[in-house]
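Dear colleague,

Please find the structure below, handed over for your own work. My notes on what was found in it follow directly after.

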Amino acid sequence: MSINFNKYIPALVEAAMTNDRRGIRMATNAIIRTLSRNDDKESRTMISKLKSLSSDYEIGKLTARNTNFSSELLLNNPIPSSNRIILNNDEQLRIDSFVSGITHSDLLIKNGVPPANSLLLYGEPGVGKTSIATNVAADLGLPLLSVNLAELISSYLGSTGKNISRIIEQAHQRPSVLFFDEFDAIASERNSENDIAELRRIVNVLLVELDNWPADSVVIAATNHPEMLDSAIWRRFRVVLEITLPDKQQRAILWKDYLETSDVVVEDNFIKNGLSEIELSPAIIRNISLLALQQALIDGIPIEVAVIRSLSQSRITLSKYEKVQLMRRLSENPLAYTHRQIARIFGLTHTTVGDILKRSEHSGK
């Protein structure tokens with residue numbers, strides 16, 4: 001085999017040193033095409049080796065790693081979130097399936113199947129997207145790189161591209177979970193009139209990176225505004241999952257879990273048919289519960305009263321129906337609050353409370 005590769009070797013080396021994946025592919029394919037002009041055994045063997053390496057590279061099995069990995073963003077041993085995550089059956093199954101695919105990546109790669117290692121989570125604020133990412137990293141035993149893109153852009157506008165490149169490079173240096181929070185801050189529609197040229201370039205870089213993410217690493221992105229994402233972004237994530245607000249039964253579990261302690265017990269009916277009627281995210285339920293517990297434990301306020309006060313102090317606007325349900329639960333046994341007590345809690349007159357409860361009893365609501 002006597003072939004001159006002088007024009008291909010420098011291009012291949014330059015592409016490898018600059019992590020130009022497109023350049024690596026082009027130079028490798030050019031070498032394979034050149035070799036294919038010969039029909040000798042040595043050329044055929046070399047073509048086979050190059051195609052095998054190229055295939056491993058495409059599915060992420062072959063990736064450059066740097067053993068001297070260090071970063072201020074790295075959490076070597078992510079601790080499972082202390083926030084209670086309650087998912088519906090479909091959400092839990094899909095998260096479990098995602099984790100299982102990563103843990104069985106060797107089996108998948110052996111059969112030529114690239115593991116689904118990119119996950120896009122979307123949903124309202126406080127539903128647990130960040131906690132899910134943290135738990136996935138903990139379940140996989142991988143370090144976590146967590147990046148809030150909105151903060152990164154606002155703090156380093158003008159250097160965002162370099163910072164993103166540095167973060168991606170760190171994520172490539174060893175198996176890890178890279179978590180992009182507030183992903184819409186950088187992945188919004190590229191054709192937006194208010195878009196910035198630098199951000200458009202970064203989106204293009206991200207698209208390429210997502211197409212070539214190493215099989216033994218995971219990238220997770222989260223957004224509260226899915227409508228802002230570029231359509232091209234959606235296609236790059238192998239798994240896309242909406243995390244919804246908890247339903248009534250899930251909210252009851254959250255309230256009970258967060259409110260009850262060794263010194264505080266909440267009446268079940270007040271939770272199941274009172275607090276659980278209020279549509280709130282897990283994060284808000286947790287915050288309200290902690291504020292209420294502080295008032296109940298330190299000031300000696302009944303926990304039911306403390307929760308209602310905390311809702312008001314947190315500027316949670318209750319609907320008429322939600323207020324009536326709370327009033328009814330307070331008035332019923334075993335709590336048996338009087339109309340005057342309930343009136344003081346809600347800032348109403350006792351006659352108004354009496355009328356509300358009377359109408360509620362007649363309507364059955």
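Strand β4 (residues 177-181) is largely enclosed by the rest of the structure, because five of its five residues are buried (buried means under 20% relative accessible area, exposed over 50%, partly exposed in between, with a 1.4 Å probe and protein chains only). Helices (H or I, at least four residues) and strands (E, at least two) are DSSP runs, numbered from the N terminus. This is a predicted model, in which local features need pLDDT of at least 70 and side-chain atom pairs count only at pLDDT 80 or more, while totals for chains, interfaces and linings use all residues. Residues are numbered from 1 along each chain as its sequence is written, and side-chain values use heavy atoms, with hydrogens and water left out.

In a regular strand the side chains alternate between the two faces of the sheet. In β4, Val177, Phe179 and Asp181 point one way and Leu178 and Phe180 the other, and all are buried. Two strands pair if DSSP finds at least two bridges between them. β4 runs parallel to strand β3 (residues 144-148), to which five bridges join it; there, Asn148 stands opposite Asp181. Four bridges join β4 to strand β5 (residues 218-223), also in parallel, and Phe179 has Ile220 of β5 as its bridge partner.

The second largest pocket has a volume of about 330 Å³ (a pocket is an open set of points on a 1 Å grid over the protein atoms alone, where a 1.4 Å probe fits, with protein on both sides within 12 Å along at least five of seven lines; lining residues have an atom within 4 Å of a point). The volume is the space filled by probe spheres set on the points, which are joined across faces, edges and corners. Its lining has 20 residues, of which Gly126, Gly128, Lys129, Thr130 and Ser131 lie nearest the centre. Helices α6 (129-140) and α13 (282-299) are the elements that give two or more residues to this lining. The pocket lies between domain 2 (74-242) and domain 3 (248-362), because both give residues to the lining; the domain bounds come from an automatic or database domain assignment.

The largest nonpolar core has 39 residues, and those with the most contacts inside it are Trp255, Leu275, Ile303, Val307 and Leu311 (such a core is a set of buried Ala, Val, Leu, Ile, Met, Phe, Trp, Tyr and Cys residues joined through side-chain atoms within 4.5 Å). Helix α14 (303-313) is among its suppliers and gives the largest share, six residues.

Yours sincerely
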